[in-house]
Amino acid sequence: MHISDGILSSEVVIATSVIGVAMVAYSLKNLKTENIALIAAMGAIFFIASFIHIPLGPTSIHLILTGVIGILIGPLAFLSILIALLFQAILLGYGGLTSLGANLIIMALPSYLTYLFVKRGYLNFMNIKIKYFMIGFIPVLLSTLLLALVLAISKDEYLYASYTLILANAPAMFIEGLITIFLINYLKKSIPNLLDGVKL
């Protein structure tokens, strides 16, 4: 899901960078000293999850775990994921520096929105296992749609590719949802106080 340098038009790079700066500023406004270790841990989880590639036909998909990150740190996800994306771009060549704002919007905004959905009880009408599944499914779906939108806005020739991205990432949504069920159940048994903020 990472967009590399040179893919986006200059207008989209500028616009997404400005939005990305605003999101990180919002994150810094909510930063407290006691959250720094958790932000670092979530950044590390995002960084490492990207290495877990699951073969799927001629290609492969990878985890992002932004649903779990969102419910654990809420608006701080912008800062945590920014740091992980920055290291991925510099050290591994995943994504790029000019596309950092776009990648931050694509990965971190769905994470924060999922946090809001859960915190405000929008998913409470669901069976508990389906609710946990959706916490993993929703951010990948939103990230895929945002990725397709950013590409479609950037250049006309990416319009067809943006449609195929939605189909290609559909398996990742289901896999991420299933893994999220296990992760939330594990957190509830081992360190339940981490979920107090969203009342899970």
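Predicted model: local features only at pLDDT ≥ 70, side-chain atom pairs only at ≥ 80, totals over all residues.
I'll start with the helix pair α6 and α7. Helix α6 runs over residues 128-154 and helix α7 over residues 159-190. Their axes are 6 Å apart, and the packing angle is about 155°. Angles over 145 degrees count as roughly antiparallel, and α6 and α7 are therefore roughly antiparallel to each other. The two helices cross in a right-handed sense. What is the contact of α6 with α7 made of, by residue class? There are 20 nonpolar residues, 7 polar ones and 3 charged ones.

Next, α2 and α4. Helix α2 covers residues 36-49, and helix α4 covers residues 77-92. Here the angle is about 45°, with 8 Å between the axes. That value makes α2 oblique to α4. The crossing of α2 past α4 is right-handed.

Both of these helices also turn up in the last item, the surface patch. The patch is nonpolar, with an area of about 840 Å². Its residues are Ile 48, Phe 51, Ile 83, Leu 86, Phe 87, Ile 90, Leu 91, Leu 92 and Leu 97. Which helix gives the most to this patch? That is α4, with 6 residues. Ile 48, also part of the patch, lies in α2.

That's it from me.

Technical notes
Residues numbered from 1 in each chain as written. Heavy atoms only, no water. Patch = residues over 30% accessible without salt bridge, like charges linked within 9 Å, V, L, I, M, F, W, Y side chains within 5 Å. Areas by Shrake-Rupley, 256 points an atom, 1.4 Å probe, with all protein chains shown as cover. Salt bridge = Lys/Arg side-chain N within 4 Å of Asp/Glu carboxyl O. Helix = DSSP H or I, 4+ residues; strand = E, 2+ residues; numbered from the N terminus. Axes fitted to C-alpha atoms, helices over the stretch in contact; angles between N-to-C directions. Parallel < 35°, antiparallel > 145°, perpendicular 65-115°, else oblique. Left-handed = near helix turned anticlockwise from the far one by under 90°. Nonpolar A, V, L, I, M, F, W, Y, C, P; charged D, E, K, R; others polar.
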